[in-house]
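Please open the model in a viewer and keep the selection panel at hand. The stops below proceed from the whole chain to individual side-chain pairs.

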Amino acid sequence: MPKALFILEDNIRQRVYPDNLIEEFAEHVEFIAPPQTKAQITANPSLLQEMEILISSWRCPRLDAAFLAQAPQLKAVFYGAGTVKRIVSDAMWARGIRITHAAPANAICVAEVVVAQIVLSLKGMWSEVERVRQERSFDKSSKNRNYLGVRDATVGIIGLSMVGRQVIRLLSPYRMQILAYDPFASAADECELGVKLVSLDDLFAASAVTSLHAPWLPETEGMVNRQLLERMPPWSTFINSSRGALVNEDDLIDVLRLRPDVYALLDVTHPEPPLPESLLYDLPNVLLTPHTAGAIGVNDTVRLGECMLDELISYLRSGELRFEIQRDRLPTMA
């Protein structure tokens, strides 16, 4: 069996790779040593000499030339978390070391939250909560009851990323029209997902709920601006579970102050968290959460470890890594 090693902090390991899951890994690989922290590996780097497979998650060691020099047998990395941009290096790619990640499993966690937010938004839940709090009444004749409901609603998805696609799939049981914007999308994507590709302007203007799922790139910084936000229909909702830097937050705040009927559900901001004086904390039509849409609770984080176990089994049986990251695609990934 190939020789493997877990390297990650203990508190993360317990959440992503609990003991019973490690026992399942041990049926397929030979562990050189018990799970190691980065500090332990720094103190005893000789453990890396025979390692063929590295299994990790958040706070994985950077796979730079110095680390790889101590791991001459390393062939594959199983990263039980999302983006790998902080850990990969030119030296890793030059060595031909393969890397896979659990972003698809994390995408399911994010998508589940977003779909719940979309449904609740279409039911007018946020304004109703605020109305009941202020009026201390269940008066159903309130003028604030101007939301559409779920059936036949138009929902806009910005970015056909892993999360964006998963949101679309989870919305498929509902009777909705899904608009999508992605400059890299094709007619084949449109057909496969059952969406209608439109411009950003048209998406914002037509959608009762707009949800952002694009990657943070130089080209996407501040892409959601005043011009787009002002086009949102009455009683509509903007959701961001992607990255805060994609939104011009000054523009968002200005529009939300003028449009109390429009709600923003922000799981991410820029900076993160917002500065203490930010109006995002105070506006009644903002629901602010601390980057919790992804895998946080143990029932979700273990999904990441299970995803990597499945990847390991696939790799050992056929050499296939379903979620392998290719170097040329990394720049446009989240």
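**The whole chain**

Colour by secondary structure: the protein has 13 helices and twelve strands, where helices (H or I, at least four residues) and strands (E, at least two) are DSSP runs numbered from the N terminus. This is a predicted model, in which local features need pLDDT of at least 70, side-chain atom pairs count only at pLDDT 80 or more, and totals for chains, interfaces and linings use all residues. Residues are numbered from 1 along each chain as its sequence is written, and side-chain values use heavy atoms, with hydrogens and water left out.

Next, select the C-alpha atoms, which fill a box of roughly 70 × 45 × 35 Å along the principal axes.

Colour by accessibility next. Buried residues make up 51% of the 334 residues; buried means under 20% relative accessible area, exposed over 50%, and partly exposed in between (1.4 Å probe, protein chains only).

**Salt bridges**

Now display the charged side chains. A salt bridge is a side-chain nitrogen of Lys or Arg within 4 Å of a carboxyl oxygen of Asp or Glu, and by this rule the count comes to 17.

*Stop 1.* Select R165 and D189, whose closest N and O atoms are 3.0 Å apart in a salt bridge. The pair links distant parts of the chain, 24 residues apart: R165 belongs to helix α8 (residues 162-171) and D189 to helix α9 (residues 187-193). R165 is buried, with a relative accessible area of 18%, and D189 is buried as well, at 13%.

*Stop 2.* Select D254 and R226, which form a salt bridge with an N to O distance of 2.9 Å. D254 lies in helix α12 (residues 249-258) and R226 in helix α11 (residues 226-229), so the pair ties together parts 28 residues apart in sequence. D254 is partly exposed, at 28% relative accessible area, and R226 is also partly exposed, at 30%.

*Stop 3.* Finally, select E112, D300 and R303, which are linked in a network of salt bridges.
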